Amino acid sequence: MTCLECKKELSYIDHKNAIDAFGVELCAKHQVRLNRLIIKNNTPKEAIQLYYGLKERGLTPMLEWWDGKKSIDIAISRVKLNIEIDTEYHMLTH
C-alpha cells in the first residue's frame, strides 16, 4: 500500500481513511490537500477516482483545472479534452 501521489508507504489507518473518503490510496498529506480541493470546488469523488485511474494509465490529467471562465473537473490539455462529472441530475423530470 503506497500513496498514489508520492509513493510513500501507507499505514493501515491512512489506507483505510483514504479508501473510505476518496476510494483511492493516499497519504495523510495528500488527503488534506484533496479535502481542501473538495471544499473549495465541490469536486465529486468520482472525478478523483477517474483522475487517479487516468494517471495509472500513463496520462497526465489535471484535476480542477481553471480554463479562464470556470473550473473543469478533469482536463487533459495535450489532447484538448475537458471532462465534467455530473453527480446531481438537474434535468430529470417526473
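Me: Let's call a residue buried under 20% relative accessible area, exposed over 50% and partly exposed in between (1.4 Å probe, protein chains only). What percentage of the 94 residues of the chain count as buried?

Reply: A word on the source: this is a predicted model, where local features need pLDDT of at least 70 and side-chain atom pairs count only at pLDDT 80 or more, while totals for chains, interfaces and linings use all residues. Residues are numbered from 1 along each chain as its sequence is written, and side-chain values use heavy atoms, with hydrogens and water left out. The C-alpha trace spans about 45 × 35 × 20 Å along its principal axes. Of the 94 residues, the buried share is 28%.

Me: In what order do the elements of the chain run from the N terminus on?

Reply: Helices (H or I, at least four residues) and strands (E, at least two) are DSSP runs, numbered from the N terminus. There are three helices and three strands here. Starting at the N terminus, the order is α-α-α-β-β-β.

Me: Which are the edge strands of the sheet?

Reply: Strands count as paired if DSSP finds at least two bridges between them. The three strands make an open, antiparallel sheet in the order β1-β2-β3. The strands that pair on one side only are β1 (62-66) and β3 (81-83).

Me: Which residue in β2 is the bridge partner of Leu-63?

Reply: Strand β2 covers residues 71-76 and pairs with β1 in the antiparallel sense over four bridges. Trp-65 stands opposite Ile-72 of β2. For Leu-63, the partner in β2 is Ile-74.

Me: Which residue in the turn of the β1 and β2 hairpin has a positive phi?

Reply: The hairpin has four residues between its two strands. One of its turn residues takes a positive phi of about 105°, and that residue is Gly-68.

Me: Within what arc do the buried residues of α3 fall, seen down its axis?

Reply: Buried positions of α3 are Ala-47, Ile-48, Tyr-51, Tyr-52 and Leu-54, and they pack against α2, β1 and β2. The arc is that of the directions from the helix axis to the C-beta atoms. The buried residues of α3 line one face of the helix, because seen down the axis they fall within an arc of 155°.

Me: How far does α2 reach from its first C-alpha to its last?

Reply: The expected span of a helix is 1.5 Å times one less than its number of residues. With 14 residues, α2 is expected to span 20 Å, and its actual reach is close to that, at 20 Å.

Me: Which exposed residues sit on the face of α2 turned away from its buried side?

Reply: In α2 the buried residues are His-30, Gln-31 and Leu-34. They cover an arc of only 105° around the axis, so they lie on the same side of α2. Their cover includes α1 (12-21), α3 and β1. The opposite face carries Lys-29, Arg-36, Ile-39 and Lys-40.

Me: The backbone oxygen of which residue lies 3.1 Å from a polar atom of the Gln-31 side chain?

Reply: Gln-31 lies in helix α2 (residues 28-41) and counts as buried, at 10% relative accessibility. Not counting residues up to four places away in sequence, Gln-31 touches residues including Asn-17, Ala-18, Phe-22 and Leu-26. The backbone oxygen at 3.1 Å from its side chain belongs to Asp-14.

Me: Is Asn-42 buried or exposed?

Reply: Asn-42 follows α2 and sits in the loop between α2 and α3. Although Asn-42 is not a glycine, its phi is positive, about 55°. Its relative accessible area is 60%, which means that Asn-42 is exposed.

Me: And Glu-64, buried or exposed?

Reply: Glu-64 lies in strand β1. Its phi is positive too, near 55°, in a residue other than glycine. With a relative accessible area of 11%, Glu-64 is buried.

Notes: A polar contact is a pair of N or O atoms within 3.5 Å; within protein, one must be able to donate a hydrogen and the other to accept it, and residues adjacent in sequence count only if both atoms are side-chain atoms. Contact means heavy atoms within 4.5 Å.
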